[in-house]
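Thanks for coming. I have one structure to go through today, and I will keep it short. Please have a look at it before I start.

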Amino acid sequence: MIVVHHLNNSRSQRVLWLLEELGLEYEIKRYQRNPKTMLAPASLREVHPLGKSPVITDGALTVAESGAIVEYLVGTYGGGRLVPPPGTPERLRYTYWLHYAEGSAMTPLLLKLVFDRIAKGPMPFFARPVARAIANRAKSTFVEPQIAQHLDYLEAELGNSTWFAGNEFTAADIQMSFPLEAATVRGGLNKSRPKLMDFLERIHARPAYGRALERGGKYELLR
Ligand SMILES: N[C@@H](CCC(=O)N[C@@H](CS)C(=O)NCC(=O)O)C(=O)O
């Protein structure tokens with residue numbers, strides 16, 4: 001039986017969605033973030049040394065890292081579904097987006113989260129103006145322009161095909177959902193990029209996405 005070690009408000013929601021798209025049976029083992037630090041509980045490190053979510057177990061196997069989990073589930077149980085055929089241009093694009101989502105898109109979005117928290121976080125009153133100035137400078141000179149560059153690129157890409165890998169919905173779209181959802185709460189993604197907003201509407205309307213939300217419970221992205 002596939003077990004999803006599911007941290008609340010996290011990337012593991014994406015794995016539940018994939019499992020629902022594939023119509024697979026699975027169990028959810030739940031973990032709650034520390035409300036102050038937002039970190040995962042230590043018990044998640046008993047499943048994988050990094051204690052990050054998502055991680056799945058399938059019998060004796062443990063698989064961590066979203067992209068690896070997607071490849072494992074689609075390769076083992078997909079029977080050719082949600083992945084373009086090997087050797088096609090779509091397959092190469094599929095591989096690209098599977099890596100890009102975590103390898104490139106998430107980096108500036110994570111930096112945004114960190115610098116926003118530095119600026120807002122508790123600290124001695126005399127340190128606050130300095131910390132805020134440094135955080136704001138990092139955001140305005142590097143982080144926000146980087147996010148905007150990625151979003152412009154993604155908006156243009158969705159002008160070339162209906163979905164990220166081509167004209168068929170694939171697991172690469174599931175992988176790409178998290179950076180785009182995160183960008184709506186902390187990256188300035190809004191109606192000024194209509195193709196990306198339309199992508200989000202289309203994925204949110206999928207019955208499997210809704211079922212995954214019902215199974216996963218409340219899902220609010222960190223801001
Ligand atoms: N690139 C990794 C990122 C894993 C990750 O950072 N997960 C976050 C949740 S979205 C987490 O576990 N945070 C809690 C912590 O670091 O303690 C993946 O895609 O699996």
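Predicted model: local features only at pLDDT ≥ 70, side-chain atom pairs only at ≥ 80, totals over all residues.

Where does the ligand sit? It sits in the largest pocket. There are 13 residues around the ligand, and those that come nearest are Ala 40, Lys 52, Ser 53, Glu 65 and Ser 66. By type, the shell around the ligand has six charged residues, four nonpolar and three polar.

Now the contacts made by nitrogen atoms of the ligand. In the side chain of Glu 65, an N or O atom is 2.6 Å from a nitrogen atom of the ligand. Glu 102 also takes part through its side chain, where an N or O atom is 3.0 Å from a ligand nitrogen. With Ser 53 the backbone is involved: one of its N or O atoms lies 2.8 Å from a nitrogen atom of the ligand. How much of the ligand does the protein bury? On its own the ligand exposes 510 Å², and the protein buries 83% of that.

In general, side chains of opposite charge can pair when their charged atoms come close. How many salt bridges does a search of the whole structure find? The count is 10. I will show one of them, between Arg 93 and Glu 157, where the closest N and O atoms are 3.3 Å apart. This pair links distant parts of the chain, 64 residues apart. Arg 93 is in helix α3, residues 89-120, while Glu 157 belongs to helix α4, residues 128-157.

That is what I wanted to show.

Key: Residues numbered from 1 in each chain as written. Heavy atoms only, no water. Near = heavy atom within 4 Å. Polar contact = N/O pair within 3.5 Å; in protein donor to acceptor, adjacent residues only side chain to side chain. Areas by Shrake-Rupley, 256 points an atom, 1.4 Å probe, with all protein chains shown as cover. 1 Å grid on protein atoms, 1.4 Å probe; cavity = no way out; pocket = protein on both sides within 12 Å on 5 of 7 lines; lining within 4 Å. Sits in = over half its atoms within 2 Å of the grid points. Nonpolar A, V, L, I, M, F, W, Y, C, P; charged D, E, K, R; others polar. Salt bridge = Lys/Arg side-chain N within 4 Å of Asp/Glu carboxyl O. Helix = DSSP H or I, 4+ residues; strand = E, 2+ residues; numbered from the N terminus.
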